[in-house]
Amino acid sequence: STVSACRIKSVGKNLFDGEVELGWIDGTGDNKWFGSGSRTKNYIKVKPNTDYTIQFKIGNINRIYVYEYDINKSFIKYITKFGIVSNDMIYITFKTQSNTYYIRWRTDTEFNGLFENGQLELGTEATDYEHYQESNLYITAKDEEGNIIELYSLPNGVRDRIYQAEDGQWYLEKNV
């Protein structure tokens, strides 16, 4: 059974949350604490077979290493790209693999403002910087008395469901 509550998350144009830390990511996709590099702290959700652009303010940098991970955050591969400089920004473009659902990246340089105005966006063109924006919507289904509805499902496929009918009303259907 499950409590019928869920979260819907929406992210703006910039998919990079801006969180970085000192350290490297090695050739197996694992964190390493040696060297003077910087890396993204979190896994960033992406789509398979899709073009992306990473950009940030120019620092003492020329290479960016992008690490790709599958749906279970298991390492797939990494690529090394030399950045292209334009208008005090450095950027790279790349295409994710058919089984890539998350990425991280690193540089050979400590951040010290390096990832300022950092942006990951869809497409092969670096566009104007936009702050990372995230919105969350929480939905909880309740009955007429205000109690949270608990949904059940069985291994044979019998389950409860909540659906919206053509009249715009929401209904609970038991043992579908």
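Isoleucine 8 lies in strand 2, which covers residues 5-11; strands here are DSSP runs of E with at least two residues, numbered from the N terminus. The model is a predicted one, in which local features need pLDDT of at least 70 and side-chain atom pairs count only at pLDDT 80 or more, while totals for chains, interfaces and linings use all residues. Residues are numbered from 1 along each chain as its sequence is written, and side-chain values use heavy atoms, with hydrogens and water left out.

Because its relative accessibility is 43%, isoleucine 8 counts as partly exposed, a class that lies between buried (under 20% relative accessible area) and exposed (over 50%), with a 1.4 Å probe and protein chains only.

Side chains of opposite charge can pair when their charged atoms come close. The structure holds seven salt bridges, each being a side-chain nitrogen of Lys or Arg within 4 Å of a carboxyl oxygen of Asp or Glu. In one of them, glutamate 21 pairs with arginine 39, their closest N and O atoms being 2.9 Å apart. Since glutamate 21 lies in strand 3 (residues 20-22) and arginine 39 in strand 6 (residues 38-40), the pair ties together parts that are 18 residues apart in sequence. Both glutamate 21 and arginine 39 are buried.

A salt bridge also joins aspartate 160 to lysine 174, with the closest N and O atoms 3.0 Å apart. This pair links distant parts of the chain, 14 residues apart, for aspartate 160 is in the loop between strand 16 (150-151) and strand 17 (161-164), and lysine 174 is in the segment after strand 18 (170-173). Aspartate 160 is buried, with a relative accessible area of 8%, whereas lysine 174, at 44% relative accessibility, counts as partly exposed. Elsewhere, Arg63, Arg106 and Asp108 are linked in a network of salt bridges.

Key
Helices (H or I, at least four residues) and strands (E, at least two) are DSSP runs, numbered from the N terminus.
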